[in-house]
Amino acid sequence: MTQPIALQRIRRLLVANRGEIAVRIIRAAREMGAQTVLVHSSADRNSLACQMADRTVEIGPPPAAKSYLDIPAILATARNQEVDAVHPGYGFLAENADFARQVEAAGLIFVGPTADTSR
Amino acid sequence: MGDKARARAMAQAVGVATVPGSAGALADVVQAMGMAKEIGYPLMIKAVAGGGGRGIRVVEHAEALHAAFAAAQREALAAFGDGHLYLERFMPQARHLEVQILGDGQRVIHCYERECSLQRRRQKIMEEAPSPALDDAQRHRLCQAAVRLAQSVAYRGAGTVEFLFDQDEFHFIEMNTRIQVEHPVTEMVTGLDLVREMLLIADGQPLRWQQQDIRLRGAAIECRINAEDPQRNFLPTPGSIEQLQLPGGPGVRVDSMLYPGCVIPPYYDSMLAKLTVWDEDRKRALSRMRRALDELHISGVAHTKSLHQALLADTDVCAARYHTRFLEHWLAHWPGSTADTVADPLARDTGRTA
């Protein structure tokens, strides 16, 4: 019998991205029994990812600097929604070492290398 | 590893060749002039904090270096908040290969390579796995180099080690510490779900696989369908999707956020869908991709399906005779595009074949 593939620490995952990669991450999380919280801009209210995520939180207007790159807004959502981990996808904050460090400092799991190796 | 100059130094420390260039960030233009003499021309000025093809300038000869360095410094400061620069040899005929790795902080394995040489303005357009340019011995050397580098930093997570490959030699460029757009081609040829593995590693679980468990089977190709108009110099075409028919059948995968009526906002990148196919070998995969593209219908916004159809009908693309400058040169002769003539002064010297 194959061994079950289950997440132990990550019960709720914040997806900090949009478009096809947000959809891709939500699919993987769902198969592993984790809930997803998607942060999005007002331009993406009707996105496929918004329809698929367990919860959605609008964090700002369309420009990425005020939404998908807004570290304080994303971290506040992570705390309010009591997520265990943050997946940054690609682009946006995926290789921002400062973001990774702040996620870890908030006691959350950053789905990527530790803040030190991505610097 | 995000700091490019630091990553180069770490690669050299574990015996992984890098593109000839300055060992780290340069103090000033005087140091750059001296270093450029050693590296030779043509060369590239790159921003230490740059990435995704941004912050790069090609310099053809010594007389042009001074002005280019000053301009690059201003640009880097404005774009990345960091004006540090380094120099690298420019290899116009090289291929872009990258190795997918997975590490759990203790062990690192590789999931073979992707070939990503077909690029426009340093943005990848079509990718495949495995690389048709490598024999088994070269593949082994490349993948081992990537593993050595990741092991030296006790890498944890999914990552990609990028190389330029030219005349039987590969040179490390940079390491990306994220899941990449083109990860589906690796998933198709290995049967892995890389995002699942990423989540398991982040969850604190050890790697589930030994290196010998990762098998390369068949060939996969990915076409990025972008909301850009080839007839108008690839201008982004945000708008509403009207009709949508996605291809299916054996060995066909679509990664997309499209549905009929959905809106493509103008604020973000222009990718609409990644169409990926797998088949027993490259020749069959090419033909399956042609079939899948024929089935794909997206109306409402102009997009780049016709570019992919034309590329898949090209003799050089089908024979995998290409390099990183191939596509921009090819586009200048493609009637389906009104792309400006290639801005790169070196383009006229680069042949169509690798």
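**The open sheet of chain A and its surroundings**

A: Happy to! In this predicted model, chain A holds an open sheet of 5 strands, ordered E3-E2-E1-E4-E5, with parallel pairing. Strand E3 (55-60) and strand E5 (109-110) of chain A form the edges, each pairing on one side only. Further in, strand E1 (residues 12-15) of chain A runs parallel to strand E4 (residues 85-87) of chain A, and the two are joined over 3 bridges. To find one of these pairings on your screen, look for Val15(A), whose bridge partner in E4(A) is His87(A). Packed on the sheet is helix H1 (residues 19-31) of chain A, which touches E1, strand E2 (35-41) and E4 of chain A. The direction of helix H1 of chain A makes about 175 degrees with that of E1(A).

Now let's step out to the partner chain. Chain A brings 45 residues to the contact with chain B, and chain B brings 39 residues. About 3,300 Å² is buried between chain B and chain A, with carbon and sulfur atoms giving 57% of that area. On the chain B side, Leu199(B), Asp203(B) and Tyr268(B) together supply 21% of the area that chain B buries against chain A, more than any other three residues.

Chain B itself is assigned two parts, domain 1 (20-89) and domain 2 (92-354). Their centres, taken over C-alpha atoms, are 27 Å apart.

Gln119(B) sits in strand E5 (residues 108-120) of chain B. Gln119(B) counts as buried because its relative accessibility is 9%, under the 20% cut-off. A polar atom of the Gln119(B) side chain lies 2.9 Å from the backbone oxygen of Cys116(B). Beyond its sequence neighbours within four places, Gln119(B) has contacts that include His96(B), Lys124(B) and Thr324(B). Leu327(B) is also among those contacts; although 208 residues separate Gln119(B) and Leu327(B) along the chain, their C-alpha atoms are 6.0 Å apart.

The other residue, His303(B), is found in the loop between strand E17 (297-298) and helix H8 (305-311) of chain B. His303(B) is buried too, with a relative accessible area of 15%. Its side chain has a polar atom 3.0 Å from the backbone oxygen of Ile298(B), and the side chain of His303(B) also reaches the backbone nitrogen of Lys305(B) at 3.4 Å. Not counting residues up to four places away in sequence, His303(B) touches several residues, including Ile225(B), Pro230(B) and Leu272(B).

Note on methods
Residues numbered from 1 in each chain as written. Chains lettered and ligands numbered in written order. Predicted model: local features only at pLDDT ≥ 70, side-chain atom pairs only at ≥ 80, totals over all residues. Heavy atoms only, no water. Domains from an automatic or database assignment. Helix = DSSP H or I, 4+ residues; strand = E, 2+ residues; numbered from the N terminus. Buried < 20%, exposed > 50% of the residue type's maximum accessible area, 1.4 Å probe, protein only. Contact = heavy atoms within 4.5 Å. Polar contact = N/O pair within 3.5 Å; in protein donor to acceptor, adjacent residues only side chain to side chain. Pairing = 2+ DSSP bridges. Axes fitted to C-alpha atoms, helices over the stretch in contact; angles between N-to-C directions. Buried area = accessible area lost by both parts, 1.4 Å probe.
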